[in-house]
Amino acid sequence: MLPKEILKMIRNNFLKIDLRSSFKSISLTLLGTIILALGTGIFLVPFSIVSGGVGSIGILLSKLGFLSVDAWSYIIMWTLFVFGVIFLGIKFSLSTLIATIFYPILLSILLRTNIGFNIISLLVVDGMEVQLSNGSLIVTNLELMDFGRLIIIAIAGGALTGIGCAITFNGGGSTGGIDVLVFIINKFTNIKTSILSLLCDGLIISVGLIISIINRSSFGVYSALIGILSAGIASLMIDIIYNIGSGLVIDINTTKYKEINDYVISNLKRSSTIYDAIGGFSKINRKVIRVVIRTREFVKIKNEIAKIDPNAFLVCYQAKQVNGYGWTPLISSKDNTINMLKKDLFNKKGKKNDNK
């Protein structure tokens, strides 16, 4: 297929998409990217807090002296985007496109204009200055920063970056950058993405710590160690916000299913599903009650089950999303742009259309 035909196909498909759902997805992804850039550009980069991600790599590379942090962010984001297209395909890469375009731009705005200058100036102490060097804002005399204030700045930066990432994920997008590298490694090694993400951030922080030790920079050592706290806060915020709307699924294997079921319906105001089951070892016929609850309700139902039937067997696991009565309404979504592009690229037999 010729490039002109591909562009025509994309343009035509953008006219067909469900504008409401697409606007919501794009808005959430863009909002998340803005918050991510704020956390990085206001709190982490100016104070050289290395906590993982593209911003931290930019901090380390900027120490080479010939490019600023935001300039490195352009290079890293677009380089990883290209690698994503090559190794993960266009479908995944499109989900990172908004962040790839806007994150470096927003970072440049914060680090090169009065917007960032005015906010960062409120965070420094006497003897420290916010200056414009080589077109980018820097904070001088960082060693004068007291430890407590630095911790607060790191927590704020970590919280904002975590919130930004979580909102982007909930919008169906991706922050790109290191995420692309994580998914590429996952594709060829099958190591869990959560572990790979932790390893990548840990490696970046470790490099920052080693550089600070070599340069005998006490502030650098402190900022690297505080970066671990910032990364932990970011991870916590992602977990909290990304799992909004999720629930716990509980399977209860019991002989007193009527009493437990009555409690679930009457006290928790939840419905249930009851299955027939046979014990693999005992060969005894029992009932399994499946209930979906909020996380905060778990202790309450567990304690009640223990009172009704101490011999019950309970298994609990998390559901990422729950839709239906009493939860988020189940709404059918129309085909998005990516699915439409796939339909045009592949015929009904699953074979690529021939170039003509």
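In this predicted model, helix α10 passes helix α11 in a left-handed crossing, and the axes of α10 and α11 come within 8 Å while crossing at roughly 165°. Because angles over 145 degrees count as roughly antiparallel, α10 is roughly antiparallel to α11. Both α10 (193–214) and α11 (218–242) also give two or more residues to the lining of the second largest pocket.

**Contact of α10 with α11**
- On the α10 side the contact is formed by I205, G208, L209, S212 and I213, which meet G220, V221, A224, L225, G227, I228 and A231 in α11.
- By residue class, this contact of α10 with α11 divides into eight nonpolar and four polar residues, with no charged residue.

**Packing of α3 with α4**
- Helix α3 packs with helix α4 (residues 69–88) at an angle of about 120°, their axes lying 8 Å apart, and that angle makes α3 oblique to α4.
- The crossing of α3 and α4 is right-handed, and the contact joins V54, G55, I57, G58, I59, L61 and S62 of α3 to V69, W72, S73, I76 and M77 of α4.
- The residues of the contact of α3 with α4 comprise eight nonpolar, four polar and no charged.

**Second largest pocket**
- The second largest pocket holds about 670 Å³ of space, and of the 32 residues that line this pocket, the closest to its centre are S48, I59, S62, K63 and I138.
- Besides α10 and α11, the elements giving two or more residues to the lining are α3 (54–62) and β2 (136–139).
- The lining of the second largest pocket divides into 16 nonpolar, 14 polar and two charged residues.

Terms used: Residues are numbered from 1 along each chain as its sequence is written. This is a predicted model: local features need pLDDT of at least 70, side-chain atom pairs count only at pLDDT 80 or more; totals for chains, interfaces and linings use all residues. Side-chain values use heavy atoms; hydrogens and water are left out. On a 1 Å grid over the protein atoms alone, a cavity is a set of points where a 1.4 Å probe fits but cannot get out, and a pocket is an open set with protein on both sides within 12 Å along at least five of seven lines; lining residues have an atom within 4 Å of a point. Grid points are joined across faces, edges and corners, and a volume is the space filled by probe spheres set on the points. Helices (H or I, at least four residues) and strands (E, at least two) are DSSP runs, numbered from the N terminus. Ala, Val, Leu, Ile, Met, Phe, Trp, Tyr, Cys and Pro count as nonpolar, Asp, Glu, Lys and Arg as charged, and the others, Gly among them, as polar. Axes are lines fitted to C-alpha atoms, for helices over the stretch in contact, and angles run from 0 to 180 degrees between N-to-C directions. Angles under 35 degrees count as roughly parallel, over 145 as roughly antiparallel, 65 to 115 as roughly perpendicular and the rest as oblique. A crossing is left-handed if the near helix is turned anticlockwise from the far one by less than a right angle, and right-handed if clockwise. Contact means heavy atoms within 4.5 Å.
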